[in-house]
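Here's a quick briefing to read alongside the sequence and the 3D view. Have both open before you start.

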Amino acid sequence: MLHTFVAYVEDKPGVLTRVASLFRRLNINIISLTVGHSERPGVSRMTIVCAAPDAAADRIRASLYKLDDVIDVDDIGKAPNVTRELALIKVAANAHNRSHIFELAEVFRARIVDLAPESLMIEITGVESKIEGLIQVLNETEDRVLEVCRSGKMTMRRGKHSTGVLRAMGAGEPDIPKPGNLPLETGPDNFADNI
Amino acid sequence: MNEIEKNDSAHLTTPTRLTGAEIVLATIVGEGVTEVFGYPGGANLPIYDALRKFPIRHILVRHEQGASHMADGYARASGRVGVAFATSGPGATNLVTGIATAMMDSIPMVCITGQVSSRVLGSDAFQEIDITGITLPITKHNFLVSHTEDIAPAIRHAFQIAKSGRPGPVLVDITKDAQQAAAIFDFDAAKPKPYNPHPMLSVLEGHLHEAADLIRAAKRPVILAGHGIMQSNAGEQIRTLAERMQIPVGMTLLGLGGFPASHPLNLGMMGMHGESWVNDAIQQADLLIACGMRFDDRVIGTPSTYSPNSKKIHIEIDPSEINKNIKADVALVGDLRQVLEQLLPLLPGRDGSAWLNTIAASRGTAAVLDIKNLPDSGHLYAAHVMHDLWRITEGRAIVATDVGQHQMWEAQYYRHDYPHTLITSGGLGTMGFALPAGIGAKVACPDKEVWVIAGDGGFQMTACELATIVQEKLNVNIAIINNGYLGMVRQWQEFFYEKNYESTPLVSPDFVKLADAHGIPGIAVRDRGDLEAAVQTARGHQGPYLINFLVEQEDSVYPMIPAGKALHEMIRRPGSNPLVEKPEDK
């Protein structure tokens, strides 16, 4: 199954290697990994999605904590969350067939961010299935997809704060639902909510 | 710049301007280090240049692998952090095997390597290697330091990491220009942030009661005693638990010594080469209390067949070990000693006689210790050597073993009653470990008798350290168990590869002459009758002594559970040998 972890790490050289190397050592494939600044200076936030056996989540989390540069790890599990991915898609299109791509983009709430004589670029944000939906439709309508660039998933728990922020602020364990106890709020194919 | 005087420690209390090299040494002195194992080279010469100013004994090794193994042996024997120095490039890569050995066995160690100047970092300069990259998966953490003012904080942090939680090795790589430049050294200001325990440690009140209920209700409990007993100094607590609740104790290889071998509740070593009554007891148990051990595959055989009817209580400091190999029913994640201190008040006592009698019966019907089945036809068996060494040294020596058959025979026949008396590479299984690790142990404990026991194969991997023994005037006794084969591999070829003895017969030098070339006296022993005299000569000799035990060539370690089999599917010593039992075998 897919596991999603949010890790707060020190913003130092080599930290990404340490985290990535840990998954390599455990023989676990990282499906997606996004890194960027967090709300705190000097602390980066990673969203790591990986495919691993169901029971592996605690062990992965415990192993992440053993890395000296890791400050906090949240196992999102099935807790209510918002997950987004950004994609840039370049499609071959000219003056004759542009307009129906505009329509498609409208349906998917995507934006056209670049237009050239022979191509255009679509920017789309949403859950994985929505992005894949657009790519699929583009392929089916014989529009030639030239390039796809996807950011990987970014995840944040719904509600007040994630555990990481609260613990970092010294507030102790927040009152949050236990991972695994709640059904998925957004099913993999139900992207209407997210469009 | 102020000139530092040896034994002057003013710079530890007053901020002083020092070179980076001096800061390295001042910091480790501040951390309590008195001995360092190392080898100089271009990229750490500034440190060696400053060495004479500090109250540190430097042991010059013959190969950097020796330095990391010695630091490891030093740490295992003393419980203190071992320190190794090496230069950049090949010096640093030679440390790697020793670092990995320490990582697998959770040994606190700090390795300080020189690195090329920061100006040329990344340019493939002479003797440049990315040692922090190489050691990333085999250290708890590592540092690349390229600014003089970062040296003291990095080293102090390294010591904190090495010692804390589940211990392990840390490497600090320091560029040559950082060693040469000067900065204000302020030991107190370089103190690391307070140690932050692993956030997933949890010893919940409810879990303690659950564990206590399981222990009180158990009919067939077994304690599995591991290395954590030594690491958290919990020998007394384990003993109280076993005695008060009348629970038998099985030992892991690295746990040997954590609970006295002569104690009536001690069943001996479990696992691949454990005795049948230990493994049978585990298979039949209804409760396993795992204390500071990690259910290594050499201990469990296969997870699916391991102790199928038992509940498991896992007391362990590393949360990532919980449910890794064997699923725990109750996990108490914390320092073993602290957990047991919380658990013991909930355990008033218990009558365990029925279960102990069952085990005693199975012990009686099992073909007793294999040593008693050895034909005493003038041939010398390694088991005899271990047994007699134990008897002659009264089990008080520190024994550093290598890896292979002799390691298992040592574990079976040398009965360790005291903690920190067995120094052996359990997790990584590193051949060549014994000699340097024994040297490290002797440096840590100069008043203890130290025996290095190695096979003829493993000994030759690090035999160059004989010269280190001589140069450092160390009174280390060496026993080579010489069977002319890479014995354990030969045994696997015998059992699983139809006796195709490919590349296991081994030509060796005359070890007595080799020792003699180093100025170390020695003797060859072929007969059990000559054994005791040789051992006593070695013990009485002021200085190192080597005994070359020429043992039975094609003997195997019994019993044996083939890799991946269940604990009860063991291979026993063929029964046709005449039983000869000597009074001293009892």
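**Domains and a helix**

Chain B splits into domain 1 (10-185), domain 2 (205-365) and domain 3 (370-585), with bounds from an automatic or database domain assignment. This is a predicted model, where local features need pLDDT of at least 70, side-chain atom pairs count only at pLDDT 80 or more, and totals for chains, interfaces and linings use all residues. Residues are numbered from 1 along each chain as its sequence is written, while chains are lettered from A and ligands numbered from 1 in the order in which they are written.

**Domain 1 against domain 3, chain B**

- The C-alpha centres of domain 1 of chain B and domain 3 of chain B sit 33 Å apart.
- Their contact (C-beta atoms, placed from the backbone, within 7 Å) draws 25 residues from domain 1 of chain B and 27 residues from domain 3 of chain B.
- On the domain 1 side, strand E2 (35-38), strand E3 (57-60), helix H4 (64-78) and helix H6 (96-104) of chain B each give at least two residues; helices (H or I, at least four residues) and strands (E, at least two) are DSSP runs, numbered from the N terminus.
- H4(B) brings the largest share of that side, eleven residues.

**Helix H4 of chain A**

- Helix H4 (residues 128-140) of chain A has 13 residues and spans 18 Å from first C-alpha to last, close to the 18 Å expected (1.5 Å times one less than its number of residues).
- Its buried residues (20 or more other C-beta atoms within 10 Å of their own, C-beta atoms being placed from the backbone) are Glu128(A), Lys130(A), Ile131(A), Leu134(A) and Leu138(A).
- After H4(A) comes Glu142(A), with a positive phi near 60°.

Definitions and conventions:
Contact = placed C-beta atoms within 7 Å. Buried ≥ 20, exposed ≤ 12 C-beta atoms within 10 Å, placed from the backbone.
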